[in-house]
Amino acid sequence: PLPPKLGRPSELPPEPGPGYEGDEEFLRRLHHVLLELEVLEGSLQCPDSGRRFPISRGVPNLLLSEDEA
Amino acid sequence: TGPPRGGRATRAPPGAMAAAPRGRFFCTAGRGLEPFVAREVRARLGATEVDCVSGKVFFRAAVGPGELRRLRSGERLFLLLKRRGPLPVCGNRGKMLHEIKSLVIEEPKYWLDIISVWRKLHGHEGKADGVSHSALVLKRKSEEETNIANKRQKTEQERAVVSEKCQVEAGETCVVPEGMSSQECWIESKPSSEFPSKGCGENPTANEQLSFSFRVSCRCSGAIARILTSQEIGRALGVALVQQCGWRADLRDPDLEIFVHLNDIHSVVGIPLFRLPLANRDYIKTAGLRSTVAWAMASLAEISAGALVLDPMCGLGTILLEAAKEWPEACYWGADISDSQLEGADENIRTADLMDKIELLKASVKALPLPSESFDSVISDIPFGKKFKMMNDAQLLPDILQEMERVLRVGGTLVLLLSAELRGRVAALASCAAGGSAQAPAVAGNSSSSAQGHGESLLSRLLGSLVPEGAYAVSLGKTDAFIHKYRKVSAAGDG
């Protein structure tokens, strides 16, 4: 549901460029990020609210506080 | 891929020690799980002549120990030697013992045949063929020695009777020691005089007969138990076997265990096929819910390839582990609010090597950070405060059910484990819902607070969209619980 923002902006462009389906290098990096990368420490950011959810030891904490819920 | 769901019979896998005649077996089962065992042996082993009684499932199958070991809903698996009606009970102890001995004791040749069947069943378990007989015994010995780490050391008296008390029947409780400590590993070096032939290549058969050790595990209940105790029977049988066959009684690490169960329903004699109960999973590091019950719940969820399955109160992840092992072609998600539970679940998942199958979230089941109608199945053990001081309040039930119902897609399955108390509430409200949900608050009427009334009307509406598809009473050892299955037939918001 929430797209991760990685601390390595050079790895992937913010959006897929035109003709990305044929861009082998891009596809390989995308595959790596989607299927092989596990975030152990970091955060997820909600694209709507901007609220950050911390990830610790590979498990994201998606609990909302009382006033957020 | 996992085994077929439902009743389709499977062929024995190639290379299995089919031993052309179909062997007769029985599996002990926790109370309430017998139907699951029956279904599983049919589906997984192509079993025939499947017969359930309280606490046991008898069947015939032509498969090897590898496949047998994969049974997931049973407690222990035995080779069936004898199954008769209940023994006639008389007040005369001597006469009773005689009856029992007649049932169990046979000529040495009978036992040798049995042992050779048992060995054939085990001799090809992944080991090279053509291994010599005594080497087979040696190898089996070292397997057993590593398995000793899982035995508890009790007095010899108790050992004769207790073994793994994993069978539940009327008047007995199911207690399985959890977390067997590896400190209890007592690999003793036996005095060499006892096993003169080990590795010497001398006449193995004769020496095996001499050095062959056994133990009788007897369990009796009902009318017989009023005349004789399990210990007395076990002892008498042990003595008789020593006299008859010249074997050595070894209560700690016998070559052969003979299991005798006498009650008002039947008299059964069998030999356990494996040292450890089936319920012990080598892929689970820390068990939460009993693995057999967890597997049974997953088996009801109809998990198909590509399914998304959620346990929103996953605890140590037992249900997800059992499901992911059996139905690996699905995606599993677990959520919990407790850090320590999630850590345990994470460790379990790594130990089981299921990292790519199971995702964990720290989240509350009352506010799941998941899209509506996104899961094919929701499976959960709703904790009733027995182990964890989490939820002791049935008032949380409506919120929990609401979220579970929301994330479930129409046509999806919901499988819950409920305490008797929770179940009573759910059942009462389900009958209200069936009668027309709009008036539910009035019908469910004796609630004093409006909050509770709101909860109950919500529950009624929810239960209108969740159609019950089965309920199963199961024993969890000290307590009983109920597995409930529902199917979502419409979104709760609609009509």
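The model is a prediction, in which local features need pLDDT of at least 70 and side-chain atom pairs count only at pLDDT 80 or more, while totals for chains, interfaces and linings use all residues. Residues are numbered from 1 along each chain as its sequence is written, chains are lettered from A and ligands numbered from 1 in the order in which they are written, and side-chain values use heavy atoms, with hydrogens and water left out.

**Chain A**

Chain A holds one helix and three strands, where helices (H or I, at least four residues) and strands (E, at least two) are DSSP runs numbered from the N terminus, and along the sequence these elements follow the pattern α-β-β-β. Of the 69 residues in chain A, 14% are buried, a term that stands for under 20% relative accessible area, with exposed meaning over 50% and partly exposed in between (1.4 Å probe, protein chains only). Arg57(A) is found in the loop between β2 (52-56) and β3 (59-60) of chain A, and its C-alpha atom is separated by 4.8 Å from that of Leu40(A), 17 residues apart along the chain. Leaving aside residues up to four places away in sequence, Arg57(A) is in contact (heavy atoms within 4.5 Å) with Leu40(A), Glu41(A) and Glu343(B).

**The sheet of chain B**

In chain B, eight strands form an open sheet of mixed pairing, in the order β2-β3-β1-β4-β8-β7-β5-β6; two strands count as paired if DSSP finds at least two bridges between them. Because β2 (48-53) and β6 (248-249) of chain B stand at the edges with a single partner strand each, one side of each is left without a neighbour in the sheet. Strand β4 (residues 77-84) of chain B has six of its eight residues buried, so it is largely enclosed by the rest of the structure. The table gives the two pairings of β4(B).

| Partner of β4(B) | Sense | Bridges | A bridge pair |
|---|---|---|---|
| β1(B), residues 23-28 | antiparallel | three | Phe25(B) and Leu79(B) |
| β8(B), residues 267-272 | antiparallel | six | Leu79(B) and Ile271(B) |

Arg83(B) likewise stands opposite Val268(B) in β8(B).

**Nonpolar cores**

A nonpolar core is a set of buried Ala, Val, Leu, Ile, Met, Phe, Trp, Tyr and Cys residues joined through side-chain atoms within 4.5 Å. The largest has 53 residues, and those with the most contacts inside it are Phe59(B), Leu77(B), Ile233(B) and Trp247(B). Helix α9 (residues 230-245) of chain B gives the most to this core, with six residues.

**Helices α10 and α11 of chain B**

The axes of α10 (residues 291-300) and α11 (residues 318-326) of chain B, taken as lines fitted to C-alpha atoms over the stretch in contact, with angles from 0 to 180 degrees between N-to-C directions, come within 8 Å and cross at roughly 60 degrees. That makes α10(B) oblique to α11(B), since angles under 35 degrees count as roughly parallel, over 145 as roughly antiparallel, 65 to 115 as roughly perpendicular and the rest as oblique. On the α10(B) side, residues including Ser291(B), Trp295(B) and Ala298(B) meet residues of α11(B), among them Thr318(B), Glu322(B) and Glu326(B). Ser291(B) is buried, with a relative accessible area of 7%, and touches Ala279(B), Arg281(B), Thr318(B) and Glu322(B), not counting residues up to four places away in sequence.
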